[in-house]
Structure formats: C-alpha cells, structure tokens
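Please read the points alongside the structure shown here.

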Amino acid sequence: MHFELNAMGLAAVSTEKCDALIVLVPQDFKAGKDDLSTLLAQTLKAGDLEAKPGKTLSLYRPVQAHATRVVLAGVGSGSARDVRGAVLSAVAAVKSTSLKKLVVSFAAPAREDAVRAAVTAVADASYTYTTTKSKPEGRTLSKVLVAATNATEVQASFDRAAGIVIGAELTKEWANRPANHATPTLLAQAAQELAQHPKITCEVLGPKEVAKLGMGAFMAVAQGS
C-alpha cells in the first residue's frame, strides 16, 4: 500500500477520481466557494452531519465529487484521537467494496499528530492477514492519498507515519503466523532482509552459539515450533 501527501484544498480534492473519499470535518470548518465545501456547509446547516467526533454521513456518487463513495466524518477539535476514530469508522464503511484508491482529505489545516493518526488508522482498518490462509482475501487498497492545505508543514510527520505503518505491518505479519511458520530460522531470514536497509545490521546465532549463551528456554521453545 502506497501513501502520498499532497497540498490540496477541497476544490482540488473533488476532482480526484477514486473509489472512496473521506472528508474530515472539524467543528471550526469554514466553507469555501467550491461545490464540495458548499455541500459540507449545507449538510452541517441541515443537521444531516455534525462535526462532533463519531458522526458520519455516507454519500454515493455525489455530483460534487468524482469519488464513487464519499464519507463526511466529524473530527471535533481535530485532535489525533478524534481523527483516528473518524478514519477507522469511515474506512469500515467503504472497505467492503472494491477499494483500490482512497483519498483522505482534511477540510481544514491539519495538525501533525492528526496526520500521523490518519495514516496509521487507514493501515489498521484495512490490514488483512493472508500468509497461511488457504483462501486468502487480501487487502485491495493499494493507494492512499492524504490531502491537506498545509502539506509542507506536516510532511515530516507524514513520512514518519508511513514508515511506522511498514514496521507495524511487518510485526503484525509475524505475530499472526502460527509457530511452524515463525521458526527461528524463518525469523533470522526476515531479520537478514531488514539488514539490507541502510543503518541496520544483523547477526544470526546458530544452535551452538545459543547453547553457549545458556539460552535453554529459547531452545526449548524453538524445538517446539
């Protein structure tokens, strides 16, 4: 899954062709003159949407956007906690479809911690373990575009979040594997693959070295797996 951050307002976001668009709406939202902003203002005024955390409104092919499905989600003050909850709920509402490209747009300038929360929430909500399943139904989502008008200010936080996702999903992968698919030999191979990245080194100890270190409990568990 590829993450990308772009400096885009709602007018530009509305022209993005995608399977789903999630718009994160804070309580201090101020509508612009574009059609999507106008739609947000109208739904808020009519009470169909509240900017409170946990409130969402799902739309199918609205004329104000090129997305197949649009979810308007309230994020309250725009805190990381509220953004994470909103994104988790919104992704759950659209991931049952053939979701390949997703756009997550902040309707107001985003906080750094909120951007991190949005990225990790998308990954958590769409993650599916398939490695040892006989009939795997893996994640269809392949591209996620995060849009914020202040993208330059939050770029570093976005990059860090994208890196965290890679590490977290590698951890989930190995934690979910049954013991016979996570033996010390296989784990060593995974560690050696990680060591191909810059600033990472790996040393693999064999049975003799492990025994010399007195790691009897580790050896017993390894034999069991």
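1. Strand β2 (residues 18–25) runs parallel to strand β5 (residues 101–106), and five bridges join them. Within this pairing, Ala20 stands opposite Leu102 in β5. Strands pair if DSSP finds at least two bridges between them; strands (E, at least two residues) and helices (H or I, at least four) are DSSP runs, numbered from the N terminus.

2. The model is predicted: local features need pLDDT of at least 70 and side-chain atom pairs count only at pLDDT 80 or more, while totals for chains, interfaces and linings use all residues. Residues are numbered from 1 along each chain as its sequence is written, and side-chain values use heavy atoms, with hydrogens and water left out.

3. Strand β2 is also joined to strand β4 (residues 67–74) by seven bridges, and these two strands run parallel.

4. Seven of the eight residues of β2 are buried, so the strand is largely enclosed by the rest of the structure. Buried means under 20% relative accessible area (1.4 Å probe, protein chains only).

5. Helix α3 (residues 80–94) packs against helix α4 (residues 112–126) at an angle of about 30°, with the axes 8 Å apart. The two helices are therefore roughly parallel, a term for angles under 35 degrees, taken between N-to-C directions on a scale from 0 to 180 degrees, with axes fitted to C-alpha atoms over the stretch in contact.

6. Contacts (heavy atoms within 4.5 Å) between these helices involve residues including Val83, Val87 and Leu88 in α3, and Ala117, Ala121 and Val122 in α4.

Note on methods
Parallel < 35°, antiparallel > 145°, perpendicular 65-115°, else oblique. Buried < 20%, exposed > 50% of the residue type's maximum accessible area, 1.4 Å probe, protein only.
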